[in-house]
Amino acid sequence: MGEFNKKSAKILVFSTEKISDPAIDMAGLLKLHYPPTVYTISVPCSSAIKPSWILYAYEKGFDGVFIAADGSDCVYGESCTEKTGNLVSKTHNLMKEKELDPARLRMAAICSVCSASFVKQVKSFNEYLLKTLHN
Amino acid sequence: MKDKKKIGVYICHCGGNISDYVDVEKVREAVSGDEIVFLSKTTMFACSDSNQRDMVEDIKEHNLDGVVVASCSPKLHLTTFRNVSERADLNKYTYVHANIREQASWAHSDNKMGATEKAIHLVKAAIAKAHYAEAQVAPKIKAEKRVAVVGAGVAGMKAALSLADKDCEVLLIEREPFVGGRVAQWDTLSTTTETGKEMTTRLYNELLKRDNITILTNSELIGNKGSVGNIELTVRKSPRYIKGNCHPEDLKRAIEVCPVEVPDEFNFRLSNRKAIYKNYPSEYPQTPVIDMKSCTRCGECEKVCSSIDLSEQAEELTFNVGSVLMATGFDSYTPAYGEFGYATSDNVITLPQFKRMIDTQEGKLIHKGKEVHNIAYIYCVGSRQEEGGNTYCSRNCCTSTIHAAVTAKEKFGKINNFHFNRGLRTYGKQELLYADSLRNGDIYLQSYEDGPPTVTPKGDKTIVKINDILTAGEELEVAADLVVLVTGMVPRADNKVGSLFKLPKGRDQFFNEVHMKLRPVETVIDGVTIAGACQGPKNIAESVNSALSASTKSFSIVSKGELETEPLIAVINDDKCTWCGACEEACPFDAILKTEKDGRTIAQINNSVCKGCGMCTPVCEPDAIDLIACSSAEIMSMIDALA
């Protein structure tokens, strides 16, 4: 991670092109502020995120990873929720093996209009990470 | 990864939308040193014609392999810049977009340094992705050449006609039993001699002339599946409980014998109607309907009219369409209890109620048994409120009020109109109405938002008092027989259909377009367009304009009968694959097959079926599957750039 930012933790968000990206964009449109050290990488579907990417993010210095999941709105089908849950569970186990706090990986369903919810989630995650990692 | 790649990077000011908060020159300097960045520029408007031409020239002159533009959301301009690449004979999938407006300058307008740092990282991540961006061929899918128009008000009917005339099949879905929406409730209109009912009738007759329009009234959209090009809609069609061509006299008797009376929403609850009803004689469809929420199933109507069948059941229908055009309209603002005497004073009504009074009365204007002479109009009730209320201007209510005042004076005579306003917005041709009103002797009194008029009952009158800023703040009062609260348009309280499509709403809670100037009728939901007052307050002309625009946009989606899809599908690394079957199990589209290659059993992707969701990728233990344009190498290089 770059120079430590006392005010905000460094968070990588995996968002989805059709569902959570519009919500994150709308948060900006509505000037709903959140920490500027929250970065987004967009993927087609939240169940396409590889655990290895998440572990790599911690390796490179990210404090937390947030999955802005499709939830039941996924355009690719209802199984997305279960599959995203499975990959999070699998990653949590891998994090424990590496002695990483599993709470540094969070997931929440962010629908295409859930801008306020997204901002609330990342702000709360930021507070948790600052409290636990940078106290 | 391709060696010796040469790309161009363009950082947009977006006027000042980006550069007011992000130091774009600092971003340019920070990214210009990357090994593949051959040129880097800042530009006032990356999307402008002149900049697009410059980009084409740059690509051709310097033989660039790819382009990165850092600007607004890709929802707005990804296609624009892909097209620029194509015009410069570059494959459009070599283009990479960075969103530094919605996700940097606007999201962090409270922290310019933070916004700039973030923008630098986002552009670096885009450049990292550009290292891997390769030429692709887009597959095509079949698009249903049929559009569903939701809402059969004026906007919906005009959109349906426009689509039908483009040789497109149309499904016009109306939740109410009758077409016409709000306009059917109005009599005289401005600036036309046609009444609202006549306009509705004319449009309905035009709809009936087109074989390619299917009209479903009393029908509600309850489900949608699929995506742009092939959206499966489920519609619940409620029965009218009246079959075929029944005798008008029988129906008249059925209405007479119906014992149920409920407030008539068509008349904004000024009067009552029966459970079996029709709002006005020439209403379409011409068959009345039984309001089953109010009906007690007493059976009296069945005794006098053999066409009535209370046993009819609702049916669910499914349709496949390529695009959906939303024209679901608006609600009128309902004042709070006691707001300017609303619901606490007999003399206080709303503008929509007043308009129905004018339409339904002849000779004298009577309210609560008394003739009305002095009318006080209080403007901006429920509009232009301070924080917490509706802060927006509802645009059409000034004109609508003045039109009603002029009409009332013409129709009933002996009417004195007093307009308690906060500044009038009768834009364009509507100014003519204002001039008519002044010539009629209407009195205009004005206040600021912090000094609204007060309303006090006094005997059978209502005293409306104001400190009039047009007469240097002098306190003036009017003893009114009737107080009309000028209420504006608000979003539909029942937003089930919006929720069904997850349509985003803007600050005013109306449906939100992608961009008010560049993509004014499109939503972020692919294939769904919006028209009329569901997007924000509009008069009839403005609603019709947006309906024609939305119909053209929806038609452009389905017109070719096929759509280009993203060529971003899964690919198997044959050497790594050991065939465990996990990917086959994870794929929701049966796009993965077991195959034999060089004596080994491995997975194979059926490219024509793969949708590029990527669900197969995380379950592959040997990491043998990647998505094109979303490979592990790309994602990890982006993480490197962001870290």
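I take the radius of gyration over C-alpha atoms, and my rule for a globule is 2.2 Å times the number of residues to the power 0.38. By that rule a compact globule of 135 residues would have a radius of gyration near 14 Å, and chain A, at 14 Å, agrees.

**Ground rules**

I am working with a predicted model, in which local features need pLDDT of at least 70 and side-chain atom pairs count only at pLDDT 80 or more, while totals for chains, interfaces and linings use all residues.

**Chain A, the fold**

I then boxed the C-alpha atoms along the principal axes and got roughly 40 × 35 × 20 Å for chain A.

For contacts I ask for heavy atoms within 4.5 Å. In chain A, 77% of the contacts with a separation of 6 or more join residues 24 or more positions apart.

**Chain A, the surface**

I call a residue buried under 20% relative accessible area, exposed over 50% and partly exposed in between, with a 1.4 Å probe and protein chains only. On that scale 57% of the 135 residues of chain A are buried. The accessible area, by the Shrake-Rupley method with a 1.4 Å probe, comes to about 5,400 Å² for chain A, with 50% of it from carbon and sulfur atoms.

Next I counted charges, taking Lys and Arg as positive and Asp and Glu as negative, without His or the chain ends. Chain A carries 16 positive and 14 negative side chains, and the centres of the two sets are 5 Å apart.

**Cysteines**

The structure has one over all chains: Cys111(A) pairs with Cys114(A), sulfur to sulfur 2.3 Å. The torsion about their S-S bond is about 95°, so this disulfide is right-handed. Cys111(A) is buried, at 12% relative accessible area.

Cys577(B) is buried at 7%.

I also checked Cys613(B), buried at 6%. The closest cysteine sulfur is in Cys45(A), 5.7 Å away, too far for a bond.

Technical notes. Residues are numbered from 1 along each chain as its sequence is written. Chains are lettered from A and ligands numbered from 1 in the order in which they are written. Side-chain values use heavy atoms; hydrogens and water are left out. The place of a charge is taken as NZ of Lys, CZ of Arg, CG of Asp or CD of Glu. A disulfide is a pair of cysteine sulfur atoms within 2.5 Å.
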